[in-house]
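Please keep the sequence and the model in view while reading.

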Amino acid sequence: MTATSAAQSRRPRLNIRQRQTLTAYTFLAVPLLFFLIVRLLPTLVAFRLSLFRYSILRPEQPFLGFANYLRLAQDETFHRALVNTGLYTLITVPVQIALGLLIALLLSRVRRFQGLLRALYFLPYVTPVVAAAWVWQWLFSPQFGPVNTFLVWLHIPPQNFLNSPAQALPVTAALVVWQNLGFQIVLFLAGLAGIPRSLYEAAELDGASAWQLFWGVTWPLLNPTVVFSVVTGTIASLQLFTQIVNLNFTDQGGPLGSTLSVAVYIYQLAFGRYEMGYASAMTVALFVIILLITLFQLRFLTRRFEY
Amino acid sequence: MTTPPILQPPAPATPITRILLYLFLFIGAALTLFPFAWMLLTSLKPFAELFDLGFFPHAPTTANYSQVLGQTAYLRWFLNSLLVAGLTTLSVLFFDALVGYTLAKFEFPGKQLIFLVILATLMIPTEMLIIPWYVGVVKLKLTLTDPGAYFSVMFPGLMSAFGVFLMRQFFETLPNDLLEAARIDGLSEFQIFRKVAMPLVRPALASLAIFTFLGNYNAFLWPLIVIQNSDLRTLPLGVALFSGEAGTQWGLIMAASSLAVIPVLIVFAVFQKQIIEGIVLTGMKG
């Protein structure tokens, strides 16, 4: 191709490109403004507020530098909330994945009622968290709840559940698992359906047991689904709020701070005590934690398999 | 209306294992549904029966429901939730599809950067944004008028990065020839998007619509902070604050919870297929 013909054929193409660019930015103008003003700008504002003793109620907002972050390092309630949030994640994520995978494996083996059962397991996921939490309170009521009635029937002494600092967090985590389980089941059913059947047949010909089939074929090939579950489940549980607040409405995060999460503490500081600067510093810390954990999980959980 | 069963790996051979399998699955489902049953049965119990630990009400009554409906602005809360969730969903559908389409089907400088920036916003926790949102809403005095207050509840959800990601994946699978043909027919770029591309991704739009609607209908944290006028409460907020004041009147609390759950159950019964396919799609594309 000669230089002139190349230039000739390039000119109209450039025009198309310019037209495309113009159309694209016209279409994107409003959404870009939205993401800038409602997502990115507030993120920067939160960073900025974290450097001030900021309250919406006071006229003067003194600059503090990094004092709010130093306060974080010494705030025992924050440490408590961090530990609780870690516990929520360490309980809910593995349990909902293990149970979800187990039920999905069993469901994938039945022919009749599969759709019905899947729908029944899925119901809690679409239920408003607020309503679910109030029902949970009543189920686990120390004096009148059916769970204690059942325990007494089994000759086990009734428990204090949400009134007990030792039991309130696991009971809260159980609510989260109950609500998320159906989502995990549907996800794993789809993941299982994506595994080529020929792989199982080949392994069976080699004389593999069911146990070997699971760890040799199913588990590695489900890796993308597991990673998706772990990452999204972790991000959600690190921000746990609505369940905790509604399970103990008069003493949110109680009893004795035993269910307090970072998100609930942020809410109390920012909108109960109007310490918005300090609360912002805490949100920055939460952001960094979520970012680091997500990157870590993506780095170490993702495996590439050739088959 | 159920999707065909997924048959992987092979079904069990012996009848005994099959019976055990069904037994386990149905017991699990019964346990999962127990809280719903307990909620409905309690809501039908008169106050005197609440604490006698029986499962079924001896003298079922709808008194709790009439009391909740009479004492609260339930209908108003329900309509508020419908309005907020409905408008938010329309906005998300339109804009997320538009952005997803543009990122999938146009070549222009800055495309990768814009996509990455929108995706990165998924990592920002809501907690970090609500304090600046609240300060902004107060400074602009948005909560002083009803339209301003409704806008305050809705604006954070008017577009979603997740939806952009989802729609982009779907538009990428559309053949370019179709769009070219429409261009030759003389349709404007917006008409091509609206009349040619949008109808072809209807399943993805349906899933996105249901998830956005449910998410906003059930939203709690931001409405709790920004709604001051009790008439403007959304349903979850109304139910939570009502239940918080009801003390030990569990019949009332369970009636209010049932009233919050029932509309969602109806939506689920109707759209079960799209909801479940939506998860399958996002899980696969994610």
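## Briefing on chain B

B:Val117 has 16 C-beta neighbours inside 10 Å and therefore counts as partly exposed. This residue belongs to a predicted model, and B:Val117 is part of helix H4 of chain B.

**Two residues and their surroundings**

- B:Gly278 is located in helix H13 of chain B.
- Because B:Gly278 has 21 C-beta neighbours inside 10 Å, B:Gly278 counts as buried; the cut-off for a buried residue is 20 or more.
- Leaving aside residues up to four places away in sequence, B:Gly278 touches B:Ser207, B:Ile210 and B:Phe211.
- A distance of 9.8 Å separates the C-alpha atoms of B:Gly278 and B:Ala209, which are 69 residues apart along the chain.

**Chain B as a whole**

- Chain B contains 13 helices and zero strands.
- The radius of gyration of chain B is 24 Å, whereas a compact globule of 286 residues would have a value near 19 Å.
- Taken along the principal axes, a box of roughly 75 × 70 × 35 Å is filled by the C-alpha atoms of chain B.
- Of the 286 residues in chain B, 42% are buried.
- When contacts in chain B between residues at least 6 apart in sequence are considered, 75% of them join residues at least 24 apart.

**Domains of chain B**

- The division of chain B gives domain 1 (15-65) and domain 2 (73-285).
- The centres of these two domains of chain B, taken over C-alpha atoms, are 33 Å apart.
- In the contact between them, nine residues of domain 1 of chain B meet eight residues of domain 2 of chain B.
- On the side of domain 1 of chain B that touches domain 2 of chain B, H1 and helix H2 (63-71) of chain B are the elements that give two or more residues.
- H1(B) gives the most to that side, with four residues.
- By residue type, that side of domain 1 of chain B has five nonpolar, three polar and one charged.

**Packing of H7(B) and H10(B)**

- Helix H7 (residues 161-172) and helix H10 (residues 202-218) of chain B pack at an angle of about 170°, and their axes are 10 Å apart.
- H7(B) and H10(B) are therefore roughly antiparallel to each other, since an angle over 145 degrees counts as roughly antiparallel.
- From H7(B), the residues B:Gly163, B:Leu166, B:Met167 and B:Phe170 meet B:Ala204, B:Leu208 and B:Thr212 of H10(B).
- The residues of this contact comprise five nonpolar, two polar and no charged.

**Contact with chain A**

- Chain B contributes 76 residues to the contact and chain A contributes 83 residues.
- Helices of chain B that each supply at least two residues to the side touching chain A include helix H1 (15-43), helix H3 (74-105), helix H4 (111-120) and H10.
- H13(B) gives the most to the side of chain B that touches chain A, with 14 residues.
- The residues on this side of chain B are 57 nonpolar, 16 polar and three charged.

How values were computed. Residues numbered from 1 in each chain as written. Chains lettered and ligands numbered in written order. Predicted model: local features only at pLDDT ≥ 70, side-chain atom pairs only at ≥ 80, totals over all residues. Axes fitted to C-alpha atoms, helices over the stretch in contact; angles between N-to-C directions. Parallel < 35°, antiparallel > 145°, perpendicular 65-115°, else oblique. Contact = placed C-beta atoms within 7 Å. Nonpolar A, V, L, I, M, F, W, Y, C, P; charged D, E, K, R; others polar. Rg over C-alpha atoms; globule rule 2.2 N^0.38 Å. Buried ≥ 20, exposed ≤ 12 C-beta atoms within 10 Å, placed from the backbone. Domains from an automatic or database assignment.
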